[in-house]
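Colleague: I am new to this model and would like to know what stands behind the words used for it. Could we go through them one at a time?

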Amino acid sequence: MAGYRPVDDVLAYLAGSWRVERSVRDLASGAQGTFRGVTVFERLDGGGSGPSEGLLHHESGTFVWQGVARPAERTLRFLPDGGASRADVRFADGRPFHDLDLATGRHVTDHPCSADLYRGEFTVRDADRWRTVWRVGGPAKDLVLTTDYTRT
């Protein structure tokens, strides 16, 4: 696959710390924002000794929207899902978010949220860089969120 790096073990690949740079564009209004921070993927405390138990993803940084900066954070769970290249991604409270399979280095997935649809594309560039692009559409949303991750 030209341009993508296949990932045999998604949890092992993600484990560790990543620098995060995100752009947020509201296609309807033209408004733009940025997020800069850090994402840490650490082993879930399930009693095991490696990422096979799953990873806790914690992102924190500063979100700037229309010139106003404020702290922002989120937590997700990346759980094993039937193969080393696959993960079941869930919100911190356990609700399903999306599937993930990086066997080819690229994955497209959907997340319906009320009347909105989030369509995500994940691409792995190399051992230390990956990207997500979420396109959000619905009655009140028309957004593109592009996030670049670089291993620290």
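Predicted model: local features only at pLDDT ≥ 70, side-chain atom pairs only at ≥ 80, totals over all residues.

Colleague: Why is T132 called buried?

Modeller: The relative accessible area of T132 is 3%. Buried means under 20%, so T132 counts as buried.

Colleague: Which residues line the largest cavity?

Modeller: T132 is one of them, and the others are F41, H57, R74, L76, F78, F97, H98, F122, W130, W134 and Y149. Two or more lining residues come from each of β4 (68-80), β6 (96-101) and β9 (129-137).

Colleague: What makes that space a cavity and not a pocket?

Modeller: In a cavity a 1.4 Å probe fits but cannot get out, whereas a pocket is an open set of points. A search of the whole structure finds one cavity of 30 Å³ or more. The largest cavity holds about 80 Å³ of space.

Colleague: How is the lining of the largest cavity divided by class?

Modeller: Eight of its residues are nonpolar, three are polar and one is charged. Arg counts as charged, and R74 is in this lining.

Colleague: What is the volume of the largest pocket, and how many residues line it?

Modeller: The volume is about 560 Å³. The lining has 22 residues, and R22, R74, F97, Y118 and L145 lie nearest the centre of the pocket. By class, 13 are nonpolar, four polar and five charged.

Colleague: Which element supplies the largest share of that lining?

Modeller: Strand β4 does, with five residues. At least two residues each come from β1 (16-26), β3 (55-65), β4, β9 and β10 (142-151).

Colleague: Turning to β1, why is V20 called buried?

Modeller: V20 lies in strand β1. Its relative accessibility is 1%, and the limit for buried is under 20%, so V20 counts as buried. Leaving aside neighbours within four places in sequence, V20 is in contact with F35, R36, G37, V38, T39, E59, T147, D148 and Y149.

Colleague: How far apart are V20 and G3 in sequence and in space?

Modeller: They are 17 residues apart in sequence and 20 Å apart in space, C-alpha to C-alpha.

Colleague: What joins the side chains of H107 and D99, and how do you know that it qualifies?

Modeller: A polar contact of 3.4 Å joins them. A polar contact needs a pair of N or O atoms within 3.5 Å, one able to donate a hydrogen and the other to accept it.

Colleague: Is H107 buried or exposed, and where is it found?

Modeller: H107 is found in strand β7 (residues 106-113). At 11% relative accessibility, under the 20% limit, H107 counts as buried. Beyond residues up to four places away in sequence, H107 touches D99, L100, D101, L102, G120, E121 and F122.

Colleague: Why is A12 called partly exposed?

Modeller: A12 lies in helix α1. Its relative accessibility is 41%; buried is under 20% and exposed is over 50%, so A12 counts as partly exposed.

Colleague: Why are Q66 and S114 called exposed?

Modeller: Q66 has a relative accessible area of 58% and S114 has 81%. Exposed means over 50%, so Q66 is exposed and S114 is exposed. Q66 is in the loop between β3 and β4, and S114 is in the loop between β7 and β8 (116-126).

Colleague: What phi do Q66 and S114 have?

Modeller: Q66 has a positive phi of about 50° although it is not a glycine. For S114, also not a glycine, the positive phi is about 55°.

How values were computed: Residues numbered from 1 in each chain as written. Heavy atoms only, no water. 1 Å grid on protein atoms, 1.4 Å probe; cavity = no way out; pocket = protein on both sides within 12 Å on 5 of 7 lines; lining within 4 Å. Points joined across faces, edges and corners; volume = space filled by probe spheres on them. Helix = DSSP H or I, 4+ residues; strand = E, 2+ residues; numbered from the N terminus. Buried < 20%, exposed > 50% of the residue type's maximum accessible area, 1.4 Å probe, protein only. Contact = heavy atoms within 4.5 Å.
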